[in-house]
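These are my notes on how two chains meet. I began with charge pairing and then turned to extent, composition and symmetry.

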There are 2 protein chains.
Amino acid sequence: MIGGFGAALLLATLSAEAQLKPEEQIEYRQAGYSFMAWNMGKIKAQVVDGSVPYNKAQVVAAANAIAAIANSGMGSLYGPGTATDQMGDKTRLKPEFFKNLDEANKLARNFTGAVDKLTSEAASGDQARIKTALGEVGKTCKACHDQFRTK
Amino acid sequence: MIGGFGAALLLATLSAEAQLKPEEQIEYRQAGYSFMAWNMGKIKAQVVDGSVPYNKAQVVAAANAIAAIANSGMGSLYGPGTATDQMGDKTRLKPEFFKNLDEANKLARNFTGAVDKLTSEAASGDQARIKTALGEVGKTCKACHDQFRTK
């Protein structure tokens with residue numbers, strides 16, 4: 001992971017051009033999660049539900065998209081003032097997040113670890129193993145939502 | 001590119017679970033573009049504006065995110081009924097798009113080609129070359145917007 005959570009608090013000391021507004025940080029992190037969710041859904045349709053025929057290249061591409069987003073330094077999109085206490089319903093980030101950065105970083109590391117595994121299993125082409133790895137990634141998404149995302 | 005534009009029209013013949021609603025297709029493609037724009041901006045800040053110090057790992061990660069999104073088969077998010085004529089201001093996709101799939105595919109190929117170049121230049125660590133490659137990618141974003149995105 002590049003930077004981790006807390007990186008944005010350091011970034012805030014840099015020049016203004018470099019610092020995104022809270023609204024922008026929220027928009028971009030929501031975009032990242034949304035695009036990952038689409039790719040999770042594509043893999044699920046092929047290796048869990050079977051509603052779409054398995055296509056190795058598509059599953060590899062989906063896993064790569066999830067991994068590249070997960071490893072793109074999204075931590076810098078969690079700057080001060082971007083939780084519900086200041087941004088209302090523009091965001092679902094709980095204010096507790098900023099009091100628990102160590103926990104958030106731990107969950108993020110679990111997440112990127114599970115995603116790396118999904119990428120290598122996708123490359124193996126073994127659908128049963130991809131299914132297991134997908135389930136493990138899903139647990140790490142959920143762990144973070146349970147703690148830091150409002151209902 | 002996996003599938004290209006027109007893939008969604010084929011996909012529509014598959015089972016219902018596999019087919020996303022127009023609203024979902026629009027949300028996911030907007031998310032993909034938005035997340036790419038964030039990553040373009042990070043590279044720009046470091047190698048064009050100099051408003052953030054150059055960090056090779058961050059630029060490589062940003063280029064990888066753009067490339068993985070560009071190569072994730074976004075063409076399947078351009079299903080029938082997802083342009084402004086049917087979806088109003090939920091989308092900025094011009095209806096002309098569906099009458100010009102060959103042109104759209106050509107622009108998409110130019111785009112993924114420029115993105116692949118950006119990825120390899122990012123890995124080289126040569127800022128001048130990264131700057132040039134970034135400009136080329138930007139031209140391919142703009143070419144598509146000029147033709148197929150409303151103002």
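How many salt bridges are there between chain B and chain A? I worked from a predicted model, and the count between chain B and chain A is 0.

Polar contacts. I next looked up residue pairs in polar contact between chain B and chain A and found 4, with both residues of each pair at pLDDT 80 or more.

Elements. I then asked which elements give two or more residues to the side of chain B that touches chain A, and noted α2 (22-49) and α3 (56-70) of chain B. The largest share of that side comes from α2(B), with 9 residues.

Composition. I sorted the residues of the side of chain B that touches chain A into 16 nonpolar, 11 polar and 3 charged.

Extent. I recorded 30 residues of chain B in contact with 31 residues of chain A. The size of an interface is often given as the accessible area lost when the parts come together, so I looked that up as well. The area buried between chain B and chain A is about 2200 Å², and carbon and sulfur atoms give 74% of this area.

Symmetry. I superposed chain B on chain A by a rotation of 180° with 0.0 Å of shift along its axis, at an RMSD of 0.0 Å. In chain B, Ala31(B) has the C-alpha nearest the axis, 2.1 Å from it. Finally, I noted that the same surface serves both copies, since 100% of the contact residues of chain B recur in chain A.

Terms used:
Residues numbered from 1 in each chain as written. Chains lettered and ligands numbered in written order. Predicted model: local features only at pLDDT ≥ 70, side-chain atom pairs only at ≥ 80, totals over all residues. Heavy atoms only, no water. Least-squares fit on C-alpha atoms with pLDDT ≥ 70 in both. Contact = heavy atoms within 4.5 Å. Buried area = accessible area lost by both parts, 1.4 Å probe. Salt bridge = Lys/Arg side-chain N within 4 Å of Asp/Glu carboxyl O. Polar contact = N/O pair within 3.5 Å; in protein donor to acceptor, adjacent residues only side chain to side chain. Helix = DSSP H or I, 4+ residues; strand = E, 2+ residues; numbered from the N terminus. Nonpolar A, V, L, I, M, F, W, Y, C, P; charged D, E, K, R; others polar.
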